[in-house]
Amino acid sequence: MAIGYLTMQARTAHDAVPLSNVQITVFDDQGNTVYKLSTDESGETPAVPLETLDKSFSQNAYFTGTPFISYHVLAQASGFNSLYISDIPIYEDDTAVLPLALTPMLELQRAPSQTEITIGKPAAALQEMRRQEGPAASPYVLRQVTIPNPITVHLGKPDANARNVQVSFPDYVKNVASSEIYPTWPDAALTANIYAIITFALNRVYTEWYRSRGYDFDITNSTAYDQYFVYGRPIYASISKITDEIFNEYVRRSGQLAPYFTSFCNGTTVTCDGLSQWGTVTLANRGRTPLQILRTFYPKDIEIAETNTISGVLSSYPGTPLRTGSTGLDVQTIQTYLKRIRRNYPAIPAITDKAGSFQNSTKSAVTKFQSIFGLTPDGIVGKGTWYKISSIYTAVARLADLNSEGNTLGIGTVPPDSVLRQGSRGPDVITLQYLLNYASEFTPGIPSVTQDGIFGSKTRQSVMAFQRSMNLEPDGIAGPLTWEALYDTYHGIQQNVPSPGPGTGTIRYTVQAGDSLWLIAQRYGTTVQAIKNLNGLSSDLLSIGQVLKIPDTQNTSPVTYTVQPGDSLWLIAQRYGTTADAIRRLNGLTGDMLQVGQVLRIPVS
């Protein structure tokens, strides 16, 4: 019997918050329990082996049976609604990474509800006819080809009364590829199909195919009109790896900017004028490259282009990978992002390298980040890693800002008694917009809005999306029932979602040969006395293999200090429980000379 693998990741708020101790049961098709697992501090489980069929069955276009074995997963956690995912395909030698998007219970909710998601066969195994329509020569609607991050997906046919979800563009592509084709296909076939999937979506965005027709989404998940997307499905490692390398590359005609309309079908039970999914396998087995495969089905003058214009990204990829030995502002940016992410993901090791210098501790932090988020753990910040770090940093920073803003606004326990509708203005509208944005972090179907105190059409759309999620009449009016539901949601999140503190507090360190308390203190920017106090040590003696708790100076907030007569770096460091070297690094000092009245930043826990 062949073996495939399954791992699960329980996270919320666009992956800003990992959910530990989620109880997971894996069942086979007969209802037998195969595994009982729980998630770790990063919200993930180990990859567990599962029996399946030989991958040759899923590589044969004429095999009429089901070329995999399916499993089912139940996820439960205190304070969260349960999730049951059925018919999860497992393929030989590939790892299925299953996201567990648990939603927090409401404040007054007595028992968890259960959401059920069915995965099933990929579109390549279905017989539904496709009627993909689009301009082969796309009109210039947008000025440039932009990666929509997030992309808004309608979970149904264009006119269906279905909800929208917002996901990052790379995750959308991975989901579609995992839903459309078999992950066991040759790399060249997978790559050609992923190029077609990326380009199809970018064509919809570039031409504003749906938004120009009055819809509030970019694309649907209907295979009749667009491409298959199953919210909450597992992503396969083989597909994920390729997508991380090419997610911002697309197909276009030579001399044109616009993404080509890359229509496709399975090519066996359903035929079309575009790409044949099964045909890519035949060509890949003949040694064709991805571009040669694409030119078989599309015009001969197509080429692969790249766009680095990505919405919602703070810093653009520098163009070349960052690795051990790299220096400069781009390295410092990644270090800053990882240090902030580490507050939420303490399994990421502390970075002790000098700011802007990519050395061993930066590589270790990058490698662990890659492992947590399903990237190739090579310790190199390539394109996929850069954008994933930027995306997670944006998510954790935004959630922290929202939590802080809630305190500033003074969200109490009693909702306002105002009834708000399109055209309303004022402080209550700001409160409404804040609560919608807070809910949107934990419910992908609710679009975020600008908090400007003006109830416009986008605020109305967000209210309607929230009302649908709460099974209220979607009238777009914030009346008593909607206010009550918003407050129940807000306080439920506050009660049930773990809030990472300002730092992880301590680092676990295993004493190595040649270590001393002084050397360890210098390495981590702390003092000998601070380490001794934290570990209850009465002497400086250490033993190899001894585990120490080290004050985590990575997660500190600097205070300002004005140099007084008689001050020295050493005296100031002792006063604040830090080191002279840490103060020098934070202030960019090259020596120990100080001037009376000079203002320094001091790292303080």
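## Exercises on a predicted model

Valine 26 stands opposite tyrosine 35 in strand S4.

**Exercise 1.** Determine in which sense strands S3 and S4 pair, and over how many bridges.

*Solution.* Step one is to locate the strands: S3 covers residues 23-27 and S4 covers residues 33-38. Step two is to read their pairing, which is antiparallel over 5 bridges. Step three concerns the connection: the two strands form a hairpin with 5 residues between them. In the turn, glycine 31 has a positive phi of about 85°.

**Exercise 2.** Identify which residues of H11 are buried and what covers them.

*Solution.* The buried residues include Trp483, Leu486, Tyr487, Tyr490 and Ile493. Among the elements covering the buried residues of H11 are helix H8 (383-409), helix H9 (427-440) and helix H10 (457-469).

**Exercise 3.** State how many aromatic pairs the structure holds, and find which rings arginine 11 and arginine 213 lie over.

*Solution.* The structure holds 26 aromatic pairs. Ring pairs join Phe68, Tyr91, Tyr182, Trp185, Tyr236 and Trp278 into a cluster. Arginine 11 lies over the face of phenylalanine 373, 4.9 Å from the ring centre. The charged end of arginine 213 sits over the ring of tryptophan 209, at 4.0 Å from its centre.

How values were computed. Residues numbered from 1 in each chain as written. Predicted model: local features only at pLDDT ≥ 70, side-chain atom pairs only at ≥ 80, totals over all residues. Heavy atoms only, no water. Phe/Tyr/Trp six-rings, centres within 6.5 Å; stacked < 30°, edge-to-face > 60°. Lys NZ or Arg CZ within 6 Å of the ring centre and 35° of its normal. Buried < 20%, exposed > 50% of the residue type's maximum accessible area, 1.4 Å probe, protein only. Helix = DSSP H or I, 4+ residues; strand = E, 2+ residues; numbered from the N terminus. Contact = heavy atoms within 4.5 Å. Pairing = 2+ DSSP bridges.
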